[in-house]
Amino acid sequence: MQTILITGCIYAVPVFALNLLLPRLSVGNQVGQLRQEINSIKANEEVFGTLLSQQPFYEATDADSQILFGNPDAKLTITIFSNPFCNPCAKMHKRVDNLLKETGGNVCIQYIFSSFNEDLSYANRYFNAIYLEKGKATAMKLYADWFERGNH
């Protein structure tokens, strides 16, 4: 009798454990599915365009930054407010570089550099000086190296 009771408990414990764990596991799966759905909505160009049109417009001129890549006379100018020490900004720089190659000079990219604090602003001054003294090609190579290999 005691052997039957022990055997029954051995089989019952995993069944009860699964009964308690399955609802929690399915909730985690639902959260993942919801996150994926939200990200797909955010990636939709129409949604992006609508959200972008609802944002305030800030005029950026050559007085704000003279760092221009691509065609300065292009109809479309994209102003990028970037931080040399920011990882998402580094990823964006690669995308901007690809955009310039894909569009073949039909777009103008304007960089405005900022930093988290004054101790890091030396990179902003360095980026501006390289562009103004060495030109676009050297500056673009330096920016790519900086963002690709790290910021030291």
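User: How many salt bridges does a search of the whole structure find?

Analyst: This is a predicted model, in which local features need pLDDT of at least 70 and side-chain atom pairs count only at pLDDT 80 or more, while totals for chains, interfaces and linings use all residues. Residues are numbered from 1 along each chain as its sequence is written, and side-chain values use heavy atoms, with hydrogens and water left out. A salt bridge requires a side-chain nitrogen of Lys or Arg within 4 Å of a carboxyl oxygen of Asp or Glu. Under that criterion, the number found in the whole structure is two.

User: Which residue forms a salt bridge with D97, and is D97 buried or exposed?

Analyst: The closest N and O atoms of D97 and its partner K101 are 3.7 Å apart. Both residues lie in helix α3 (residues 87-103), four residues apart, about one turn of the helix; helices (H or I, at least four residues) and strands (E, at least two) are DSSP runs numbered from the N terminus. Relative accessible area under 20% means buried, over 50% exposed, and in between partly exposed (1.4 Å probe, protein chains only). K101, at 61%, is exposed, whereas D97 has 18% relative accessibility and is therefore buried.

User: What is the N to O distance in the salt bridge of K141 and D145?

Analyst: K141 and D145 both belong to helix α5 (residues 136-149), where four residues, about one turn of the helix, separate them. K141 is exposed at 54% relative accessibility, and D145 is partly exposed at 25%. Their side chains meet at an N to O distance of 3.1 Å.

User: How are the axes of α3 and α5 oriented?

Analyst: Axes are lines fitted to C-alpha atoms, for helices over the stretch in contact, and angles run from 0 to 180 degrees between N-to-C directions. The two axes come within 9 Å and cross at roughly 140°. Angles under 35 degrees count as roughly parallel, over 145 as roughly antiparallel, 65 to 115 as roughly perpendicular and the rest as oblique. The arrangement of α3 relative to α5 is therefore oblique.
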